[in-house]
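Please keep the sequence and the structure in view while reading.

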There are 2 protein chains.
Amino acid sequence: MAFRVAILGCGTVGGGVACILLEQRESLRVKAGDEIELATVVDLFPAQAAERHGVPRDLFAGDGDELTPDEANAEVDRVLADDSIDLVVETIGGSGEGIVRITRSALESGKHLVTANKALLALHGEELHAAARAAGKSIGYEASVTAAIPIIRGLTDGLTGEDIQSISGIFNGTSNFILSQMASEGQSFEDALADAQARGYAEADPTLDINGGDAGHKLTILLRLVFGLDVAYADLPRQGIDTVTAGEVDFANEMGGVIKLICFGQREGDAVYATVRPMIVKRGNLLSKIDGATNAVRIVGRYAGENVMIGQGAGSLETGSAIVSDIVFLARYGGHPMPERPTSGLKLRPLGELELPYNIVFETADVPGITGIVATAIGKQDINIDSVSHNRHGSDNAEFAIATMPCTRTQIDRAVADIQENHPGSLLSEPRVLPILV
Amino acid sequence: MAFRVAILGCGTVGGGVACILLEQRESLRVKAGDEIELATVVDLFPAQAAERHGVPRDLFAGDGDELTPDEANAEVDRVLADDSIDLVVETIGGSGEGIVRITRSALESGKHLVTANKALLALHGEELHAAARAAGKSIGYEASVTAAIPIIRGLTDGLTGEDIQSISGIFNGTSNFILSQMASEGQSFEDALADAQARGYAEADPTLDINGGDAGHKLTILLRLVFGLDVAYADLPRQGIDTVTAGEVDFANEMGGVIKLICFGQREGDAVYATVRPMIVKRGNLLSKIDGATNAVRIVGRYAGENVMIGQGAGSLETGSAIVSDIVFLARYGGHPMPERPTSGLKLRPLGELELPYNIVFETADVPGITGIVATAIGKQDINIDSVSHNRHGSDNAEFAIATMPCTRTQIDRAVADIQENHPGSLLSEPRVLPILV
């Protein structure tokens with residue numbers, strides 16, 4: 001008896017899934033221990049999707065070249081009501097009411113759900129996991145985080161002997177491409193973004209890539225999985241890369257680091273600190289070596305130390321491959337309930353409380369005595385200074401950077417407030433503060 | 001009803017397993033969906049092992065501080081006959097008749113087997129897998145290849161949607177430490193080896209680390225898993241790092257590469273080419289960036305492109321963590337038969353037939369015309385030259401290196417034979433040939 005799969009949405013990712021299921025049919029049968037049958041595909045434009053992905057037209061639901069939205073919805077409902085379907089691949093996208101209803105219904109009607117939809121899982125993950133548990137079915141979401149890197153299976157079924165202390169990574173290829181260009185070519189953010197768009201790495205509207213939103217969705221998923229935290233996505237401190245200047249890139253280079261958009265979750269006792277933001281990654285950390293649109297995850301465990309996984313975070317077949325891996329897994333092991341969310345009693349704490357080394361770039365008047373004023377104010381907050389950069393002298397200003405030993409962001413904010421209050425006019429702009437990842 | 005585990009052999013690795021099982025008991029219960037109970041530990045020196053790993057003495061089988069070999073064997077037999085034991089961890093080591101009997105008996109008596117023993121699996125893997133299938137039990141061997149890197153689970157359950165084209169990696173930390181020292185400090189092989197021994201990275205008898213034997217065991221395991229090949233370990237072409245000279249390291253550096261002991265398996269149509277040997281890894285390949293005792297695996301798939309996993313390849317808790325991950329997996333999913341070995345009809349072919357770029361170091365008399373003789377002989381074999389290094393002039397010799405475009409080793413051997421036959425005395429020693437990994 002074959003394991004029957006329906007694909008809802010045959011765009012870039014859904015098409016990749018269909019293509020691999022058809023090409024690898026024999027090999028998948030061996031791996032899954034059962035025939036994996038692509039039973040049906042629902043898409044608004046079956047003729048176009050069939051041609052684009054090389055999938056026979058007769059595998060698509062409905063007649064004609066296009067379905068009306070009503071017709072497509074009716075086909076989706078037919079799939080959900082079809083008890084012969086074992087697993088639904090959701091590759092429609094979005095996180096609105098419609099897609100929540102479809103995915104929840106898939107589970108409630110006794111089907112496994114596999115999806116690459118990080119926004120859906122970040123915003124409605126708890127609800128969907130509850131629906132899966134209630135129905136005794138599973139959600140496969142390998143493709144939702146760093147597409148082709150097997151990090152989800154690596155965490156749920158690979159590193160289970162581990163006591164994970166921190167997870168960090170580069171989860172957004174577009175922003176990493178932009179930052180890589182800024183570092184290697186000395187480009188401004190605006191020029192590097194235009195370059196990324198010209199090469200097809202960035203969408204016409206790159207907001208979610210640039211502002212850390214996409215990476216934040218992925219981090220939210222991992223925080224649930226690794227630390228058992230149900231973090232409201234809106235509560236995750238985020239900062240995008242659009243604020244990163246060529247000057248900061250230059251100072252980072254001087255101190256032996258490179259700026260990356262880092263997803264970061266670290267456990268200290270019962271507290272978890274998490275954020276998405278640009279950080280300076282020192283060159284000894286493998287994440288500093290990840291250039292272009294590549295993704296990477298770094299896990300530090302109590303027993304196994306450092307594990308780094310690197311691969312492609314997007315693409316039709318890359319994401320499709322991850323979805324097919326989930327299908328194989330659920331065909332084999334889907335009869336088991338999903339593991340419970342760990343209830344370790346961990347709490348998300350404000351990032352400002354975590355001690356990290358920081359780099360602070362100061363723009364000041366180009367007059368003697370400023371470095372002393374700044375360094376003194378930092379010392380008054382009990383912050384140890386690790387290094388002071390060379391001064392960059394402008395026409396009527398100077399820039400320099402101070403790298404600190406581990407301290408809290410709160411301490412730094414107090415030092416800056418002290419300078420602004422007691423030496424008004426000495427800082428020409430708000431200092432630029434980036435955490436340093438060693 | 002708890003899932004009961006027995007550990008046979010409580011040395012470095014077995015002790016790490018016991019330690020993690022006790023420390024993580026509550027967290028493992030959640031992950032496994034069942035209590036994982038450390039039922040018993042058998043070791044020749046229970047008192048010493050208990051103290052060293054912080055494991056209560058009463059978990060060890062037998063009385064007194066030491067067991068005689070006969071007493072220990074009797075305790076092992078008692079474990080094998082105990083139907084309440086669900087899983088046996090074999091951390092005794094060796095690949096002789098005794099350990100084959102114990103591991104096969106564990107499976108035949110209806111227990112899962114988890115082991116870090118790469119020699120055992122390389123030499124007797126087929127027999128043990130057959131015993132597991134016959135008994136409806138599973139073998140967990142995550143720890144046998146690159147200890148803490150979840151590559152086995154990553155391949156059996158993570159990248160199953162993938163059609164893997166090649167697998168390469170650094171699987172031996174000792175040899176990688178030695179080669180890293182040679183590259184960064186300019187040390188000779190002998191000095192770097194002594195350094196590794198002084199730091200505890202190399203055994204008093206480092207033969208299996210140095211000659212590629214240990215890495216070869218691991219590659220044999222992966223060739224079975226990825227390509228379905230039952231390669232007799234003796235048939236795997238191997239070359240150790242003891243032949244690598246400081247001169248070769250220098251030439252590799254000049255061409256933008258670094259010498260690593262590489263495990264290599266590549267599929268071309270129905271052929272698989274596999275070897276363990278020093279190769280020059282170009283700096284664009286992430287494997288070139290893996291220094292010290294770290295391990296790494298690079299997988300290239302048809303759909304997902306490149307995936308690289310990096311982590312610790314040895315150590316008590318690092319290896320123990322991987323074994324505990326296998327225990328958790330089998331506690332959850334052990335009721336399912338192991339996936340069949342893929343029977344793709346692939347064949348291991350002689351490495352000499354595979355086209356690779358090569359670097360060839362020639363030691364010649366320091367007289368005009370030699371470069372022309374060598375380059376002409378290479379051209380006559382239809383080999384394109386990529387680059388010729390600077391000459392190193394010795395007191396009465398010269399060394400230079402020629403990097404080729406992809407060609408077969410057979411072509412190179414013919415070119416060398418041609419030079420030796422037609423220009424006797426021009427080559428002062430056998431040319432040193434290393435494949436280049438791009």
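## Contact between the chains

Two residues are said to be in contact if their C-beta atoms, placed from the backbone, lie within 7 Å. In this predicted model, 47 residues of chain B are in contact with 47 residues of chain A. On the side of chain B that touches chain A, at least two residues each are supplied by helix H2 (25-32), helix H7 (151-158), strand E10 (305-312) and helix H13 (316-333) of chain B. The largest share of that side, 12 residues, comes from H13(B).

## A sheet in chain B

Chain B also holds an open sheet of five strands, in the order E2-E1-E3-E4-E5, and the pairing is parallel. Strand E2 (36-42) and strand E5 (139-140) of chain B each have a single partner strand, because they stand at the edges, and so one side of each is left without a neighbour in the sheet.

Strand E1 (residues 3-8) of chain B is joined to E2(B) by six bridges, the two strands running parallel, and B:Val5 has B:Leu38 in E2(B) as its bridge partner. Across E1, E2 and strand E3 (87-90) of chain B lies helix H4 (residues 69-81) of chain B, which runs at about 150 degrees to E2(B).

Methods:
Residues are numbered from 1 along each chain as its sequence is written. Chains are lettered from A and ligands numbered from 1 in the order in which they are written. This is a predicted model: local features need pLDDT of at least 70, side-chain atom pairs count only at pLDDT 80 or more; totals for chains, interfaces and linings use all residues. Two strands pair if DSSP finds at least two bridges between them. Helices (H or I, at least four residues) and strands (E, at least two) are DSSP runs, numbered from the N terminus. Axes are lines fitted to C-alpha atoms, for helices over the stretch in contact, and angles run from 0 to 180 degrees between N-to-C directions.
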